[in-house]
Amino acid sequence: MNTRREFLQKGFLGISGLTLASTFQIEAKATTLAKKGKEDNFHLGVAGYSFVNFKLDESLKMMKRMDIRYLCIKDFHLPFKSTAVEINNFHQKLKQSDITGYAVGPIYTNSTKAIDDAFDYAQRVGVKLIIGIPNKEDLAYLSNKTKETGIRFAIHNHGPEDKLYPNATVIYNLIKDLDPNLGMCFDMGHDTRDGQDAIKDLQSYHKRIFDIHLKNVTSATAEGTTCELGRGVINIPLFVKELRKVNYSGKCSLEHEKDMEDPLAGLAESTGYFRGVCAV
């Protein structure tokens, strides 16, 4: 009989050649294995942008098939001007699928009014975390807003094309002396594309990392593109080891920016791979 490690090496590290049906079977086995071991403080989720081409019902069906329970809410699923009734109906729909909307965003805030609107939206939706991209000149105002409301704001890094926040180090140096409720949504893929070491940055800045966009990339260059977790240049087993070492307790939300017209196969592969790594 194969040991658990042999099963994981054969089943997960070689997952790229499997059919979608086989991927779901292996992912289910990983879930069973994970439940037998010590539960991690972090949880797997999905960044809503992964479903930019799908309506909410279709998105929730995909999440249910992968048994993922946490969603970062994008405004194309729940518009900023939604009424209280519409917000309630949205949450009821998530509840029926055993899914929780834990944050909103990313939201671009190009003025203090836009920041106020983002916090108003988060309060009405009932979440305590905003993922966003503010102007640098508004950071002091944003810091006061997080202190005043108790709602955390996580600045998203977008790689070498982003002139404001290309990587985690830039964000940290801007916020380190501001309110501790102002942190970052660590996009490990874009951080790597900017020539940074995602594992070292997690180690260095974990106290200000409130959310993680979980992904891998094809190369540690600006030309790198998103790929399934087990196929890229980031060492995911070492990344998970560091998550445990720093006792990270936020969400690791898959942001799948590949095959976005048909993302389920890639998302399922990454889900199975991640759970397999966590089961070791």
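In this predicted model, N135 touches T109, N110, S111 and Y165, residues up to four places away in sequence being left out of the count; contact denotes heavy atoms within 4.5 Å. N135 is found in the loop between β4 and α6, where helices (H or I, at least four residues) and strands (E, at least two) are DSSP runs numbered from the N terminus. With a relative accessibility of 19%, N135 counts as buried; the term buried applies under 20% relative accessible area, exposed over 50%, and partly exposed in between, with a 1.4 Å probe and protein chains only.

Residue numbers start from 1 along each chain as its sequence is written, and side-chain values use heavy atoms, with hydrogens and water left out. Because the model is predicted, local features need pLDDT of at least 70 and side-chain atom pairs count only at pLDDT 80 or more, whereas totals for chains, interfaces and linings use all residues.

The protein chain averages a pLDDT of 90, and 86% of the residues score at least 70; pLDDT is the predictor's confidence in each residue, from 0 to 100. Over residues 1-30 the pLDDT stays under 50, and the model has 46 contacts beyond four places in sequence for this stretch. Residues 32-37 also have a pLDDT below 50, with five contacts in the model beyond near neighbours in sequence. The protein chain has 11 helices and 10 strands. Of its 280 residues, 53% count as buried. Among contacts in the protein chain with a separation of 6 or more, 74% are accounted for by residues 24 or more positions apart.

Helix α6 spans residues 139-149, and its buried residues are L139, L142, S143, K145, T146 and T149. These residues cover an arc of only 160 degrees around the axis, which puts them on the same side of α6; the arc is that of the directions from the helix axis to the C-beta atoms. An α-helix has 3.6 residues a turn, so residues three or four places apart point the same way. On the other side of α6, N144, K147 and E148 are exposed. The cover over the buried residues of α6 includes helices α5 (112-125) and α7 (168-175), together with strands β4 (129-134), β5 (152-156) and β6 (182-187). After α6 comes G150, which has a positive phi near 80 degrees.

Helix packing was examined for α9 and α10. Two packed helices are described by the angle between their axes and the distance between the axes. Helix α9 (residues 198-205) packs with helix α10 (residues 236-245) at an angle of about 5 degrees, the axes being 9 Å apart. Axes are lines fitted to C-alpha atoms, for helices over the stretch in contact, and angles run from 0 to 180 degrees between N-to-C directions. The two helices α9 and α10 are therefore roughly parallel to each other, a term for angles under 35 degrees, with over 145 counted as roughly antiparallel, 65 to 115 as roughly perpendicular and the rest as oblique. From α9, A198, I199, L202 and Q203 meet L238, F239, E242, L243 and K245 of α10. By class, this contact of α9 with α10 comprises six nonpolar, one polar and two charged residues; Ala, Val, Leu, Ile, Met, Phe, Trp, Tyr, Cys and Pro count as nonpolar, Asp, Glu, Lys and Arg as charged, and the others, Gly among them, as polar.

Helix α3 (residues 56-66) contains L56, which is buried with a relative accessible area of 12%. Leaving aside neighbours within four places in sequence, L56 is in contact with H77, F90, K93 and L94. The C-alpha atoms of L56 and L78 are 8.8 Å apart in space, and the two residues are 22 residues apart in sequence. D57 is also found in helix α3 and, at 41% relative accessibility, counts as partly exposed. The C-alpha atoms of D57 and S97 are separated by 9.6 Å, with the residues 40 apart along the chain.

Backbone geometry was also considered. Most residues other than glycine have a negative phi, and most peptide bonds are trans. A cis peptide bond joins G105 and P106, with omega about 5 degrees; P106 is placed in strand β3 (residues 100-109). D98, although not a glycine, has a positive phi of about 60 degrees. D98 lies in the loop between α4 (84-96) and β3 and counts as partly exposed at 47% relative accessibility. N247, a residue other than glycine, has a positive phi near 60 degrees. N247 is placed in the loop between α10 and β10 (251-254), and its relative accessibility of 48% counts as partly exposed.
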